[in-house]
Amino acid sequence: MLEISEIFNAAAVLKDVARKTSIIPAPKLNPESEIYLKTENLQLTGSFKLRGAYYKISQLTDEEKAKGVIACSAGNHAQGVALGAKHNGIKAVICLPAGAPISKVEATRSYGAEVCLVPGVYDDAYNKALELQKEHGYTFVHPFDDPKVIAGQGTIGLEILDQLPSVEAVIVPIGGGGLISGVAFAIKTLRPDVKVYGVQSSGAPSMAESLKEGKLCHLNDVSTIADGIAVKEPGVNTFEMCNRYVDEVVTVSDEEIAAAILALIEQQKIVAEGAGAVAVAAAMFNKVPIKGKKTVCLVSGGNIDVNTLSRVITRGLSKSGRNYTFIIDLQDRPGQLSGVCAVIAECGGNVISVSHERINTSAAINGCTIRVELETRDSKHIDDIRKALTERGYTVLN
């Protein structure tokens, strides 16, 4: 299906189109490993998807180009196809899930593509795109299950080996599998000793389940903050390539993804979307065996909606022990709240908000319940505050 020469050809085509994104050290993400980041979130259009989409379009015949192209996407592939079509002077129609982040929808339109919003998730947009393809004769640019697209994504693997020759492991996000298929094929062909690990959201583990079952599996539904990899079923080609070239596929939770996004912002000054941060989450929470290894985490995209980013940061603060809400039973009498706040202040916690509830059928008649939201340093700090409150005679419910 794919030869290494195709990936080298793609690299030549993309030389003046796609950025050769930097690999930067990120030592704090996992002190037990030597972590580096391949920053595809800084790619043109904010995602690696430009590579595969542009290369596919560049290889179309004049007749195919004249008819225009159509694609389906959760957002990033859409922008890659739109930009590729614009550079080649051809029409592009993009079907996106209606719930795609507004930032991705508007960015796709800004490149001159016609956008068709489809109710549902990626797979629903895919079916609509096939319908329009048959109706109008467009050339379909598949987001992941196409040899040309896979070859374009594989150029990242060539760059990693060139930029960090001593690399020992590479961690790659998986949605439909196009990115990891190209990267794993390139790396395993040229350096079979390098480990390649794939990561999916636990709310959309289609490739992980398929590899476990030994056949393509279709998920009935997917739910994750990593919208870019919320795919119900991997591709036929990508499943076979992952089965052959990928060492292991693991999953991470939304809370772990949120913590990774927050860590990238605070420690590396890098903004990643959910799908772009799953590789970092896998490294942070030791989902793959990389202890002592020189490891590259592929940050595949940075197109996160600002409103989503706010919610993700809140979730990330909670996961990393930087934010916590205590629920405390008190006697309803003067001075109780100030006493709780005094203990928290002594321990170095910072009160963000307090809610006071007198009407509670589970509390004593002369009692009340308070919820105190705090800024904290880490999980140990939370435990220290809980211990101090308990020692002072307060009943901590949570």
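Reader: How do the residues lining the largest cavity divide into nonpolar, polar and charged?

Author: This is a predicted model, and its largest cavity has a volume of about 300 Å³. The lining comprises 28 residues, with F48, K49, G175, G228 and I229 lying nearest the centre. By class, the residues of this lining are 13 nonpolar, twelve polar and three charged.

Reader: Which element gives the most to the lining of the largest cavity?

Author: The elements that give two or more residues to this lining are α4 (76-88), α8 (178-190) and α12 (274-284). With three residues, the element that gives the most is α8.

Reader: How many charged residues are in the lining of the second largest cavity?

Author: The second largest cavity has a volume of about 50 Å³. Its lining consists of P101, K104, I225, D227, E273, G274, N303, I304, D305 and T308. Asp, Glu, Lys and Arg count as charged, so K104, D227, E273 and D305 belong to that class. Beside three nonpolar and three polar residues, the number of charged residues is four.

Reader: Are the residues of strand β3 buried or exposed?

Author: Strand β3 covers residues 69-72, with V69 and A71 pointing one way and I70 and C72 the other. On either side, the residues are buried.

Reader: Which residue in β6 is the bridge partner of I70?

Author: β3 pairs in the parallel sense with β4 (residues 92-97) over four bridges, and C72 stands opposite C95 there. β3 also pairs in the parallel sense with β6 (residues 139-140), over two bridges. In β6, the partner of I70 is F140.

Conventions. Residues are numbered from 1 along each chain as its sequence is written. This is a predicted model: local features need pLDDT of at least 70, side-chain atom pairs count only at pLDDT 80 or more; totals for chains, interfaces and linings use all residues. Side-chain values use heavy atoms; hydrogens and water are left out. Buried means under 20% relative accessible area, exposed over 50%, partly exposed in between (1.4 Å probe, protein chains only). Two strands pair if DSSP finds at least two bridges between them. On a 1 Å grid over the protein atoms alone, a cavity is a set of points where a 1.4 Å probe fits but cannot get out, and a pocket is an open set with protein on both sides within 12 Å along at least five of seven lines; lining residues have an atom within 4 Å of a point. Grid points are joined across faces, edges and corners, and a volume is the space filled by probe spheres set on the points.
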